[in-house]
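This report describes the strands, helices and surface of one protein model. Please keep the sequence and the 3D view at hand while reading.

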Amino acid sequence: MCGIAGIYGYSPVNQQLYDALTVLQHRGQDAAGIVTAESGKFYLRKSNGLVRDVFRTRHMKRLVGNMGIAHARYPTAGTSSLAESQPFYVNSPYGIALAHNGNLTNSEQLSEEIFREDLRHINTTSDSEVLLNVLAHELQVIGKLMPTASDVFAAVRATHNRCRGGYAVVAMISGYGMLGFRDPNGIRPICYGIRHTEDGRTEYMLASESVALTACGFEMVRDLAPGECIYIDSSGAMHSEICADNAKLSPCIFEHVYFARPDSIIDGIPVYHARLEMGSSLAKKIKRERPEHDIDVVMPIPDTSRTSALQLATELGVEYREGFIKNRYIGRTFIMPGQAIRKKSVKQKLNPINLEFKDKVVLLVDDSIVRGTTCDQIIEMARESGAKKVYFASAAPAVRYPNVYGIDMPAASELIAHGRTTEQVQEEIGADWLIYQDLPDLIDAVQAAAPDVKIEQYDCSVFNGEYVTGDVTADYLARIEAARNDSNKSKSLPADESGMIDLHNDDTSENG
């Protein structure tokens, strides 16, 4: 999962793109990058690390221009070297820079086509570079010195026809404008907003989440529709068109469970309210299964589950307590690249308040259970702190299948619920009782957060194994199993070995 942003303005955009990335940092902590444009030139800074570490004053000064795109990355498979960081760039046609959130399920096939038929070279293993070259080729085919909005839409339509998977994109065409588009199923989120200058001109911003717009002073207009492209040309005029046939909104429900910030609105649904509803529905299930429960206290696993846990406690009529204090200088363990790092980080990340556990029956609430190794350690900490019993509740159903649309939810063999019953998972993590949210209840909870918003279908593939693009085969899953298995993930390259492209005027000799 990654965070993307793009701004078309009438004053320098470097600082606001930086601010947007800090707000989207939860979506990726592996690398960050910004490209700005001025007078037909691109100015790039990207590197491994958190946003605050990648950009120094000297880099910000060189990111000149009133238009730019930005990216916060974490890898779904393979290497996390600096060469894989985004945005990517190609010089033909026109000069195009692109940042992407999601995953192409036919990336290998496209790479072969690009080499043999489009005569283009792919320098990394990133499907984002593949997507960029597909878009560049389709613009090249149009063959106009000055492309119109209709030409851009035609190229995006052809890109949709070739690419499969879930993706949200921001891109710039040097000297011509900025665009953003969303896959035909609307799996990955992207929205846009506007802001008016003092002289009445309109500035535009695209971002993965609405919170990035509001943090930068933009008013959210709406989410992009599935298959839609928005193009802001060099005169500042905005154009939009649905560039895909049979587009159908099937957004990833895991955005509401875990990834998105609670203060974001995605496809018209407030994430915070969705998580409240998840807590309510989970409480109802607990009452059904154990009407005479002996729970003394409900505690969240900070931070994502806090909203659901608080509502669950309220519905059950039991105490809510903060039993764990989180070290906010440790990243999200779910998106760390290797199991050894994840294991080490849990006790660095969470510290129990012993008095809150002593002699109590504790219900711990988490947003989901993926690998289960952190659950094991957290439950052990609760017992060591004096809990009589430790129950564990997941605000999401059991994660049994890998995600193929841009979330590193990893090889099936690493998912604790894959091939196991709830009772077996309960035993694996060492809980006295384990309860999962039911999938129909999760869907109803998200829908109940915005009753006027009608979404007919969600991508729930990690829970039910049903992939909305219809092209995910057993062979494909076997290939991503090999790529995503922790034992096969490569280490990051040092900065001076990564081959970072120096587009213009960026000091690449120092990493940070």
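## The seven-stranded sheet

In what order do the seven strands of the open sheet with antiparallel pairing stand? The order is S3-S2-S4-S1-S10-S9-S11, and the pairing is antiparallel, where strands are DSSP runs of E with at least two residues, helices are DSSP runs of H or I with at least four, and both are numbered from the N terminus; two strands pair if DSSP finds at least two bridges between them. Strand S3 (41-48) and strand S11 (219-223) stand at the edges, and because each has a single partner strand, one side of each is left without a neighbour in the sheet. From one strand to the next, the twist averages 15°, with axes taken as lines fitted to C-alpha atoms (for helices, over the stretch in contact) and angles running from 0 to 180 degrees between N-to-C directions.

Within this sheet, strand S2 (residues 31-38) is joined to strand S4 (residues 67-73) by seven bridges in the antiparallel sense, and Val35 is placed opposite Ile69 in S4. Helix H1 (residues 14-23) lies across S1 (3-8), S2, S4, S9 (191-196) and S10 (202-207), and runs at about 155° to S2; contact here means heavy atoms within 4.5 Å.

## The six-stranded sheet

Three antiparallel bridges link S5 with S6 (residues 96-104), and Phe88 stands opposite Leu98 in S6.

## An exposed residue

Leu355 is found in helix H12 (residues 354-357). Leu355 is exposed, with a relative accessible area of 72%, where exposed means over 50%, buried under 20% and partly exposed in between (1.4 Å probe, protein chains only).

## Basis of the values

Residues are numbered from 1 along each chain as its sequence is written, and side-chain values use heavy atoms, with hydrogens and water left out. The model is predicted: local features need pLDDT of at least 70 and side-chain atom pairs count only at pLDDT 80 or more, while totals for chains, interfaces and linings use all residues.
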